[in-house]
Amino acid sequence: MDQIEVIVVDQSGKTAGVVERIRRMVHDGTLREGDPLPSTRALAAELGVARGTVVAAYDQLDGEGWIRTRHGAVARVVASAGMGVRDVLPAPDPVATASASTAPMTTSARLIDCRPGIPAVTAIAQRDWRAAWRAAADAPLRNAVADPLGTVELRAQVVAQLGLSRGFAPSVDRVLLTAGTSEALSLVTEALRVHLGRAPVFAVEDPGYRTGQRAVLSAGGTVLGIPLDDDGMDLDALTAAPPVDVVLVTPTHQYPLGSVMPVTRRQRLLAWAAATGTLVVEDDYDSEFRHRGSPVPALAALDADGAVLHVGGFSKTLDPRLRCSYVVLPRAAGEPVGAGSVAGVADAVLAARRARGAVVAEPVQIALAHLLRTGALRRHLGRVRRDYTHRRARIAARLDGVAGLEARALTGGLHAVVVWSGPATGREVAARMAGAGALVSTLEEYGLAPGSTPAGVVLGYGAVTVPELDRALDALVAAVERAEIVA
């Protein structure tokens, strides 16, 4: 072995010694991006330790983002962390950095992009990814129009996945595909507008998912912001508000603040919806990633009255560019239901889907069905859960004890919210971070009513390595401290 030196460690710290030595060698540039590492057997023999010690060390380094391991392939360094941010970045453009938090996702690769919404796309095993697309390429060509609802195979696989992970298994005829969550919300809005004969009114979380709210507005709906408390949407404020047709919620991991709606509040929301005939749209965008506590049942799993329309997808589990989500209707088409917005919603949404036509390419559907059927997606989720948990712990450790800073939304998902008590605005801090080479979103961007959010930033950690995350956190702390001094 040419690069890695013999590591002398005591019996109690062998794995930690291997981990720390490789970290230092990456940090000081001895090991660079793409460099191969010895096999676990070869390194164990050279160090005089058990192979399991090296396997555990590689596993930890993979989870932290220093290296990437693949079954049957050589482990390689993911990124060289020895270079400082300013060593690899040009001088910042003051005009560009002032609005960097809302810049498009085509930013230079030399920037550390910690804006939310990007999962670890490259983490999937390449053999599984290629096998899925070979299955799509091998599918027979057909002289036919695609089913607007989606292929039966993928919808059936979605049903099986929901049964395993979310606690309910709807019939296949209640599932249809959409081109992402925004298209799903646009579809539901359009269906209700035709069904009700007027613009549907959506009660939405404030702060909340602004892209989804814009989809509702663009499809002819209106939105009414409902404030949040520590457990999600404030139901007292909801019931005191003017009548609405739909309640749009992210109960498993509120976006962006990260709260989890307790089961008792979920039951109260469902009882109120059933009594008033209000449709509840559950955006279950990243429930697969829980870093602390037990999984929380989906609203749809608790729904005995057919009030919940469930929306899920593959943007956070695989790749947002696949543009594939799914809608689970409250009840099958034609099934009797009470009055209000819920009545006939299944028929209305199905009619809107058929009117719009198919939106997800069949090769994409075949590839996704293959990943689900073969268990490749479950294996991928197991790997990235570990990686995301490492990053979440890294954020908590780095910001713990930093005066004036508080990290939130760390119980699950792919992002953290960092707030502070001083006078600095999120925009000021985001601009200073962009000048240091790290992009984040501001918490204020998610507020519907003025003053509905504290000063803060939303930091995504799904697609960055641990060294990149460390540099972004350093930039965040420095930006807040600098903003406080200037203020």
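Me: How do you know how many disulfides there are?

Reply: In this predicted model, a disulfide requires a pair of cysteine sulfur atoms within 2.5 Å, and by that rule the count comes to 0 disulfides.

Me: Why are Cys114 and Cys324 called buried?

Reply: The word applies under 20% relative accessible area. Cys114 has 0% relative accessibility and therefore counts as buried, and Cys324, with a relative accessible area of 1%, is buried as well. By the same cut-off, 53% of the 487 residues of the protein count as buried.

Me: What makes S4 and S7 the edges of their sheet?

Reply: The open sheet has 8 strands in the order S4-S11-S10-S9-S8-S5-S6-S7, and its pairing is mixed. Strand S4 (175–178) and strand S7 (232–233) each have a single partner strand, so one side of each is left without a neighbour in the sheet. Helix H13 (residues 345–356) packs on this sheet, where it touches S4, strand S9 (279–283) and strand S10 (308–313), and its direction makes about 40° with that of S4.

Me: What can be said of the side chains of S8, and why is the crossover from S8 to S9 called right-handed?

Reply: From strand S8 (residues 246–249), Val246 and Leu248 point one way and Val247 and Val249 the other way, and all are buried. S8 is joined to S9 by 4 bridges, and the two run parallel, with Val249 opposite Glu282 in S9. The chain passes from S8 through helix H11 (residues 263–276) to S9, and this β-α-β crossover is right-handed, because with the strands pointing away from the viewer the path over the helix runs clockwise.

Me: What makes S12 and S15 edge strands?

Reply: They belong to an open sheet of 4 strands, ordered S12-S13-S16-S15, with antiparallel pairing. Strand S12 (405–408) and strand S15 (441–442) each have a single partner strand, so each has one side left without a neighbour in the sheet. S12 is joined to strand S13 (residues 415–420) by 4 bridges, in the antiparallel sense, and the bridge partner of Ala407 in S13 is Val418.

Me: Why single out particular peptide bonds and phi values?

Reply: Because most residues other than glycine have a negative phi, and most peptide bonds are trans. The bond from Asp206 to Pro207 is cis, with omega near 5°, and Pro207 lies in the loop between S5 and helix H9 (210–218). Another cis peptide bond joins Tyr255 and Pro256, with omega about 10°, and Pro256 is in the loop between S8 and H11. Positive phi values occur at Arg323, near 50°, and at Ala409, near 65°.

Conventions. Residues are numbered from 1 along each chain as its sequence is written. This is a predicted model: local features need pLDDT of at least 70, side-chain atom pairs count only at pLDDT 80 or more; totals for chains, interfaces and linings use all residues. Side-chain values use heavy atoms; hydrogens and water are left out. Buried means under 20% relative accessible area, exposed over 50%, partly exposed in between (1.4 Å probe, protein chains only). Two strands pair if DSSP finds at least two bridges between them. Contact means heavy atoms within 4.5 Å. Axes are lines fitted to C-alpha atoms, for helices over the stretch in contact, and angles run from 0 to 180 degrees between N-to-C directions.
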